[in-house]
Amino acid sequence: MDYRREASPVLLEFLNYHEHIRSHSRKTIDEYFLDLRTFFRFMKVHRGLVPADMVFEEIPISDIDLVFIRSIAVTDVYSFLNYLSRDRALNVRSKRTGYGLSPTSRARKVATIRSFYKYLTTKVKLLDQNPMQELDAPKSRRTLPKFLTLDECIQLLSSIDGKYVERDFCIITLFLNCGVRISELIGLNLTDIRGDHIRVVGKGNKERIIYLNDACTDAIEHYLPIRELQRCEEPNALFVSRQGNRVSRSTVHHIVKKCLLMAGLDSTQYSSHKLRHTAATLLLQNGVDVRTLQEVLGHDHLNTTQIYTHVDNSELRLAAKASPLSGVRLKDEGE
């Protein structure tokens, strides 16, 4: 998505700030843009600034200036939220769609609007006062993330089979033991494997170190000889698809679903992200403190570029060893 062709100068500066100064991911920037584009399109309709028969998705926002932004009040945002909860199509391009976004989706748009006005007030000081200071977000019902039990994890790992068993086992093992994100896993290179740890690149291109337990090092040692025989357009890619490309998100999702089905587990209830939740849950259940776990998972609110500021290396190593799946390894042929 090239938001530069649609965004007004003031909006473009906000997006550039988050991409180049705050180092947020391209996906996050795109979400900011889409949220603000929907908001400003609504405001134009709300104030009668576009023809009544104009298609909502075709309303331009390139003319949104500081005067217009300054004129918006909290009550306008509440009108926008009312539109989102009642009249916003869930699938804009489909004739068969429901209407009304979830509280979670509406809350995200509120967070974007808050961030935009905070930037204008405190960062570039284009506004004297922040009219969104007291803006409330919709309350959403919190649900606990789904995760596999220890027995289900062992069942999953024990059931992996097929032509690409070494690769698939290694992928599932890293998910369950290290709690890596799918973007981190598909981005792994051969040069990221460094003895008892791997280097991953997380959100915002922030690097961190994840220490490996015995299960992970064993899975990697089983997979690397297979990987050396494979040709890939990216010679440094760790995980390769059967087409000879670096594995994609869709490929990894397919691998996870396939392995879940082989294990007799409900593949509709779990995903690669649920395996990350599983890793976090098992580590917490086995004595890893929350601060150490935050370092292991690379959560956004921690300074992952200074990974050892709050947690000592030895604690990170202990966190890797704490996973109860550390001893589950790929069985050699003949065993």
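**Close-up views of a predicted model**

**View 1. Strands β1 and β2 pair in the antiparallel sense over 2 bridges.** Strand β2 covers residues 197–201. Two strands count as paired if DSSP finds at least two bridges between them. Strands (E, at least two residues) and helices (H or I, at least four) are DSSP runs, numbered from the N terminus. Arg194 stands opposite His197 in β2. The open sheet has 3 strands, in the order β1-β2-β3, with antiparallel pairing. β1 (193–194) and β3 (207–211) stand at the edges, each with a single partner strand, so one side of each has no neighbour in the sheet.

The model is predicted: local features need pLDDT of at least 70, side-chain atom pairs count only at pLDDT 80 or more, and totals for chains, interfaces and linings use all residues. Residues are numbered from 1 along each chain as its sequence is written, and side-chain values use heavy atoms, with hydrogens and water left out.

**View 2. Helices α2 and α4 cross at roughly 105°.** α2 spans residues 26–46 and α4 spans residues 74–86. Their axes come within 10 Å. Axes are lines fitted to C-alpha atoms, for helices over the stretch in contact; angles run from 0 to 180 degrees between N-to-C directions. The two helices are therefore roughly perpendicular to each other (65 to 115 degrees; under 35 is roughly parallel, over 145 roughly antiparallel, the rest oblique). From α2, Thr38, Phe39, Phe42, Met43 and His46 meet Asp76, Val77, Ser79, Phe80, Tyr83 and Leu84 in α4. Contact means heavy atoms within 4.5 Å. The contact residues divide into 7 nonpolar, 3 polar and 1 charged. Here Ala, Val, Leu, Ile, Met, Phe, Trp, Tyr, Cys and Pro count as nonpolar, Asp, Glu, Lys and Arg as charged, and the others, Gly among them, as polar.

**View 3. Cys170 and Cys178 are shown with Cys216, which holds the closest cysteine sulfur to Cys170 and to Cys178.** A disulfide is a pair of cysteine sulfur atoms within 2.5 Å. The count is 0 disulfides. The Cys170 sulfur lies 7.7 Å from that of Cys216, too far for a bond. For Cys178 the distance to the Cys216 sulfur is 3.7 Å, also too far. Cys170 is buried at 1% relative accessibility. Cys178 is buried too, at 2%. Buried means under 20% relative accessible area, exposed over 50%, partly exposed in between (1.4 Å probe, protein chains only).

**View 4. Gln155 sits in helix α6 (residues 150–159).** Gln155 is partly exposed, with a relative accessible area of 33%. Gln155 touches Ala263, Gly264 and Leu265, leaving aside residues up to four places away in sequence. Gln155 and Met262 are 107 residues apart in sequence, yet 9.5 Å apart in space, C-alpha to C-alpha.
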